[in-house]
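Hello,

Here is the structure I said I would pass on. Please look it over first; my notes follow below it.

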Amino acid sequence: MRAEESGFEISQQQGSWVIRMWWPSGPVTGGPQRVTVEAADDASPRDVVRGISTTVLRRLDIAAAMNAAKLAPEAQRTLEDVTRKLTESGEAAGALLADEGVSEQYLAMLAATYKGMADSGAPAPVPWLARLIDRRPETVKDHLKKARRDGYLSTLAGKAGGDLTDKAKAVLESMASAAR
């Protein structure tokens, strides 16, 4: 599923063909308003030359696509909310860095924001975080290494992210208490 043209597109693959169904934004009350059928990237040339068969069209699962499309507007709002909160958190980390330097509050906030970005499936959390705190990606990587070394963020071998440690949670809780 992907957001496109003020609406949502749901894709299904049937053999050598990809079927894309599009609904406009808003409540889904019926079938798609547009359906396109294209050869899949991995389709064999022999199947493509034969063209689209009625079997491909009969196997199209419009009911499943409609169910997915009904969830799409809510999923988009949730994604926008998560992105907004992560952006605010990254900007707060940048403000802490500007005010206090590489402090324990900054490292805890940086670790929490980075974990949130990685958990949300952000394809490139370090460059995104670098933009938010107005530093180079290399600097952010160094700060994340320090956060791991100093015990604010655990390591996930070969993957972005990690878990916040009790130390990081305690610092973030004290910051939240002070803000109240």
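A term to start with: pLDDT is the predictor's confidence in each residue, on a scale from 0 to 100. It matters here, as this is a predicted model.

Confidence first. The chain has a mean pLDDT of 88. Of its residues, 95% reach 70 or more. Which elements mark the two ends of the range? Strand β1 (residues 2–4) has the lowest mean pLDDT among the elements, at 53. Helix α6 (residues 137–149) has the highest, at 95.

Now the strands. Strand β2 (residues 7–14) and β3 run antiparallel, joined by 8 bridges. In that pairing, Gln12 stands opposite Ile19 in β3. The two strands form a hairpin with 2 residues between them. There, Gly15 takes a positive phi near 60 degrees.

β3 also pairs with strand β4 (residues 34–39). This pair is antiparallel too, with 6 bridges. Trp22 stands opposite Arg34 in β4. So much for partners; what about cover? Strand β3 spans residues 17–24 and is mostly covered. Of its 8 residues, 6 are buried.

Then helix α5 (residues 125–133). How many of its 9 residues are buried? The count is 7, and the helix is mostly covered. The buried residues are Pro125, Val126, Trp128, Leu129, Ala130, Leu132 and Ile133. Asp134 follows α5, and its phi is positive, near 60 degrees.

Best wishes

How values were computed. Residues numbered from 1 in each chain as written. Predicted model: local features only at pLDDT ≥ 70, side-chain atom pairs only at ≥ 80, totals over all residues. Heavy atoms only, no water. Helix = DSSP H or I, 4+ residues; strand = E, 2+ residues; numbered from the N terminus. Buried < 20%, exposed > 50% of the residue type's maximum accessible area, 1.4 Å probe, protein only. Pairing = 2+ DSSP bridges.
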